[in-house]
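Morning, everyone. I have one model to walk through today, so let me put it on the screen.

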Amino acid sequence: MTITRDDASAAFFDGTARGVLLLRRCDDCGRRSAPRTLTCPACHSARLAWEPARGTGTLASWTVVHHRPAGGVPAPRTVAGLVQLDEGPWLHARIDGIDPSGLRAGLPLTVAFDRPLDGEAVPVFQSAD
Amino acid sequence: MAGTLIAARRPVIAGLGITEMGRVYGRSAEDFAAAAVRLAVADAGLDLSDVDGLLTNAGLVGGVGLGLQRRLQLRDLSVLSEIQSYGASAGAMVSYAAMAVQAGMANAVVCVFADTPLREGLGSSAAYSRPRPAVGFDGQSRHAGLTSVSARYALAARRHMAAYGTTSEHLGAIAVAQRAWAAGNPLAQMREPITLADHQASRWIAEPLRLLDCCLVSNGGVAVLVTSAERAAHLPQPPVHILGWAQSHPGYPDAGESSFGLESGAARSGPAALKMAGVGLSDVTVAELYDCYTFTVLLSLEDYGFCAKGEGGPFAASGALAPKSSLAFNTGGGQLSSYYMWGMTPLSEAVIQARGHGGERQAPRNDVILVSGNGGILDHHSTLVLSPYASG
């Protein structure tokens, strides 16, 4: 899947290109929020700066998505995670390298970057162990 | 000088129109909407010339909106708007129509939803997981695997499971109970009984949701006509009194303190609507709960207070949702088994039950009927309290 940037995500994908996961940090109250955030969830300030995340978090929820089988090939599966970063914000990210039977809430995760040939680099998460 | 706001004008639903439904091709969403409006107006014993208000709600494919006035040659409308809060729209439209009638803005307001998500030759799942460019932060979510509404509800369901021990079998009990109700509904598309084993054998869509946890997808349209009790007294159908209404839109933050998957807008809109109606939850005898997924029902049961938080699974597994229970839930089979018309599915069945027209599936007691609507990924919630009687 090729991911393209838009104006709102340009700075975020500049970060992923450098191997940095960026979060928003409120200039007024200091609250960290998710990359797509435009208004501080704590104080409603619109003055949000970009700040590198530690890149660690835990699994808040997940789903094993079963794609449609095609051409006799077994249906591929994707583990989609709702990752709670250690700073608090949530991020949707693919979970790589963990068998679905090993998934549990609170599982420690660390960021990696999927770098497809086309499009933007995208954060994915792997087991921190 | 005294104004014209008449607090005592009591709003009722006096007309219901349900078009041909399901895999019906070759008609646009506006075609279905126009047909549904005509059916609702005729059901109310009125003519299109009597309609002075129109509220529209477009579905996935759009195309249902202000143009419906011209399509139906409606003159001098005093209320006309497009409403959108996804699955909560039906409840929202009825509440706005009720307020317009109460305020004397309009006397006969039709609320309509129609959609044609099904395409000939394509499966149901194609409708709500259409390919689109992966751009920006939405692209990030799609890259994660969240390319369908089902996958996003699966995240919600899994969070509830992790917090409370809810299981796939708990969800299955909801699917089985609703199919049993659907057997008595001639409008239902899926009437063959299913067992918990059938549910457990149905393929995964997005774990923990299986095929039988997911609603149908239908082409069609549904409309209701809202007027005053005074007017309805001279119309053919038994009036369905709109006693209470409320909405709640949680605005879940993208962060750990979010109650996403753990609590829905039913927790706020339920008590607010019941309070307006002057009834308590224990007075509710029929509940038509929005059921885009089995999990939506489970969460709504908890949030309305039909069982304790976290007990939705065991409550469903106890058989409480099956026909012949003292409190009747999703009596038409719901979106899981009858037809998927967003919030018009629970609303249309509630009207049928309130009129006592449920045939072999008629709930024995229909005094107080709670109707829920749910839109987005649990983002939008509406509650209506309906009754055959002018007060609960």
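**A two-chain predicted model**

Strand S4 (residues 109-115) of chain B and strand S8 (residues 220-228) of chain B run antiparallel, joined by 7 bridges. Strands here are DSSP E runs of at least two residues, helices are H or I runs of at least four, and both are numbered from the N terminus. Two strands count as paired if DSSP finds at least two bridges between them.

Some ground rules. This is a predicted model, where local features need pLDDT of at least 70, side-chain atom pairs count only at pLDDT 80 or more, and totals for chains, interfaces and linings use all residues. Residues are numbered from 1 along each chain as its sequence is written, while chains are lettered from A and ligands numbered from 1 in the order in which they are written.

Back to the sheet. S4(B) and S8(B) belong to an open sheet of 10 strands with mixed pairing, in the order S3-S2-S4-S8-S1-S9-S13-S12-S10-S11. Its edge strands are strand S3 (79-82) and strand S11 (328-329) of chain B, each pairing on one side only. As a reminder, in a regular strand the side chains alternate between the two faces of the sheet.

What lies across strand S1 (11-18), strand S2 (53-58), S4 and S8 of chain B? Helix H1 (residues 29-43) of chain B does, running at about 35 degrees to S8(B). For angles, axes are lines fitted to C-alpha atoms, for helices over the stretch in contact, and the range is 0 to 180 degrees between N-to-C directions. Contact means that two residues have C-beta atoms, placed from the backbone, within 7 Å.

Now chain B as a whole. It has 14 helices and 13 strands. Its radius of gyration is 20 Å, close to the 21 Å that the globule rule gives for 392 residues, so chain B is as compact as a globular protein of that length. That radius is taken over C-alpha atoms, and the rule is 2.2 Å times the number of residues to the power 0.38. Of the contacts in chain B between residues at least 6 apart in sequence, 77% join residues at least 24 apart. Buried residues make up 59% of the 392. Buried means 20 or more other C-beta atoms within 10 Å of the residue's own, with C-beta atoms placed from the backbone.

Next, a helix pair. Helix H7 (residues 168-182) of chain B packs on helix H11 (residues 294-304) of chain B at about 100 degrees, with axes 9 Å apart. That makes H7(B) roughly perpendicular to H11(B), a label for 65 to 115 degrees. From H7(B) come B:His170, B:Leu171, B:Ile174 and B:Ala175, and they meet B:Thr294, B:Phe295, B:Val297 and B:Leu298 in H11(B).

How many residues of H11(B) are buried? The count is 11 of its 11. The cover includes H6, H7, helix H10 (266-277), helix H12 (312-317), helix H13 (334-337) and strand S12 (369-375) of chain B. After H11(B) comes B:Gly305, with a positive phi near 100 degrees.

Over to chain A. Chain A has 1 helix and 9 strands. Buried residues make up 39% of its 129 residues. Contacts between residues 24 or more positions apart account for 47% of those with a separation of 6 or more.

Last stop, the interface. Chain B puts 29 residues into the contact and chain A puts in 35. On the chain B side, the elements giving two or more residues are strand S5 (134-135), helix H5 (136-144), helix H6 (149-164) and strand S6 (204-207). H5(B) gives the largest share, 8 residues. By class, the chain B side divides into 15 nonpolar, 8 polar and 6 charged. Nonpolar covers Ala, Val, Leu, Ile, Met, Phe, Trp, Tyr, Cys and Pro; charged is Asp, Glu, Lys and Arg; the others, Gly among them, are polar.

Strand S1 (residues 3-4) of chain A runs parallel to S5(B), with 2 bridges, and A:Thr4 stands opposite B:Val135. Strand S5 (residues 56-66) of chain A pairs with S6(B) in the antiparallel sense, over 2 bridges. There, A:Val64 stands opposite B:Glu207. S6(B) also pairs antiparallel with strand S7 (residues 209-210) of chain B, and a hairpin joins S6(B) to S7(B) through 1 residue.

Terms used. Buried ≥ 20, exposed ≤ 12 C-beta atoms within 10 Å, placed from the backbone. Parallel < 35°, antiparallel > 145°, perpendicular 65-115°, else oblique.
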